[in-house]
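Please read the following note alongside the sequence and the three-dimensional view.

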Amino acid sequence: MMNKRVGIRSVWQHNLDSEFALVKDALADYPFVSFETKFPFTLFEVDSPEDQYQIMKDSVNVRNIIQLRLTLSDGDGNLPDFCTDCCYVWEFNFRDFDIYRDFHSEDANAIELLKGQGIDFLRNKAKGILSSDFVTMMLKSRMTQDRRSRLTWVTCPGFYDLGYLIKILHWEELPNDVDSFMKLVDRYLGKRVYEFKSLPERLSLDWFRGRKTILATVKEWVHAHSKDSQKSLKLLAWEPPRDGYFKLNVDGCHRRGLIGAGGVIRDSEGKWIAGFAVNLGKGGVLEAELQGLYHGLKLVVQKGISHVLVESDSEIAIKFLQNPHRLASCPYRDLMSDCLELMQDIGCVPTHVYREKNSVADYLANLSYDLDAGSCKTFEIAPPCVDTELLFDRIGAAQPRLVNVY
């Protein structure tokens, strides 16, 4: 971890473009994003997530953001330094809050506290960032609404920081219930959103060991207070194979009639052995999933691996392969026969897992759209786009999912 001093890059309307260009450049190497907001309100602590959310919602819907501090870190806690003797965090100053228009008498103490912390409300109003322009920069940098994003978000508890960020991203008042709010969080930021009571100056991977995402915590509470007994909340994480074995994870993808597939082989410590992505051109979903299995099994044979577990998140493909007597009803009989032959040679039977346990294969499958139609690329070294997913798999970071109870 670097020991350089930390400098604050103050961002206003006039330098928003240039500073966001730096943020965008840094994201590839610093995918852990922590943020704090400043707003004119005194916080209250309550017990349940629903009560916390209701108080936050009522406050955020009638107030505006003043400042947002953004910190980027890598897995070792290092901050971007741009080849200087200083590493940096960003402070984005907004013009949304008008101290004369938006002042609430109950906020007087908070306003004075913010002034004491250096907030110049008149300067913010004159030179601050338009939140709409901030959102545009977030979208252009692919920090939000990007399902292939590698980012992990960290914020303080109580929903307030999340509330102000989601409000400006969604450009509407916050919804009435916490469950609907978390769907917006998932939509804009993804599932990897954590909260810490005290944000460290530098995030490192060790901070995430054994911690639940905000989405998992809220879903647990919602489920505990729900009458729906047909579903159960599960926390799902990739599981390494036992010593001496390897694991192949594969996935297919389908986008506007174009299909692809990808997969990864790892050992019992989660270390990368090999991976692949293949662009299959036009086709159907089941074909993509079976092609993923076929190319993955071929890679296992090429690597001379004999003790291997195979996982896919396609329940239909797995059911076909686990029941060879259904071969006649499969629209891709030749492809399925090739898979069965490879399975017999290797001595394995693929099993179904939920997509939360298959995220690296999913990322690799989506890389296929960057390849020429019909081409397959083998990765002897993990591509940078899956570094974060690999790290989280190795420490057992779990994602929540409501599953049917049978």
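The points below move from the overall structure to one helix and then to individual salt bridges.

1. This is a predicted model. The secondary structure of the protein consists of 13 helices and 14 strands. Of its 406 residues, 55% are buried. When contacts between residues at least 6 apart in sequence are considered, 76% join residues at least 24 apart.

2. Helix α1 comprises twelve residues, 16–27. Its buried residues are L16, E19, F20, V23, A26 and L27. These cover an arc of only 115 degrees around the axis, which puts them on the same side of α1. On the other side of the helix, D17 and D25 are exposed. The cover over the buried residues of α1 includes strands β1, β2, β3 and β4, together with helix α5.

3. The structure contains eleven salt bridges. One of them joins E311 to K247, with the closest N and O atoms 2.8 Å apart. E311 belongs to strand β11 and K247 to strand β8, so that the pair links distant parts of the chain, 64 residues apart. Both E311 and K247 are buried.

4. A salt bridge also connects E380 with K303, the closest N and O atoms being 2.7 Å apart. E380 lies in the loop between β13 and α13, and K303 in the loop between α9 and β11, so the pair ties together parts that are 77 residues apart in sequence. E380 counts as partly exposed at 47% relative accessibility, and K303 counts as partly exposed at 34%.

5. The salt bridge between K319 and E315 has its closest N and O atoms 3.7 Å apart. Both residues lie in helix α10, four residues apart, which is about one turn of the helix.

How values were computed. Residues numbered from 1 in each chain as written. Predicted model: local features only at pLDDT ≥ 70, side-chain atom pairs only at ≥ 80, totals over all residues. Heavy atoms only, no water. Helix = DSSP H or I, 4+ residues; strand = E, 2+ residues; numbered from the N terminus. Buried < 20%, exposed > 50% of the residue type's maximum accessible area, 1.4 Å probe, protein only. Contact = heavy atoms within 4.5 Å. Expected span 1.5 Å × (residues − 1). Arc of directions from axis to C-beta. Salt bridge = Lys/Arg side-chain N within 4 Å of Asp/Glu carboxyl O.
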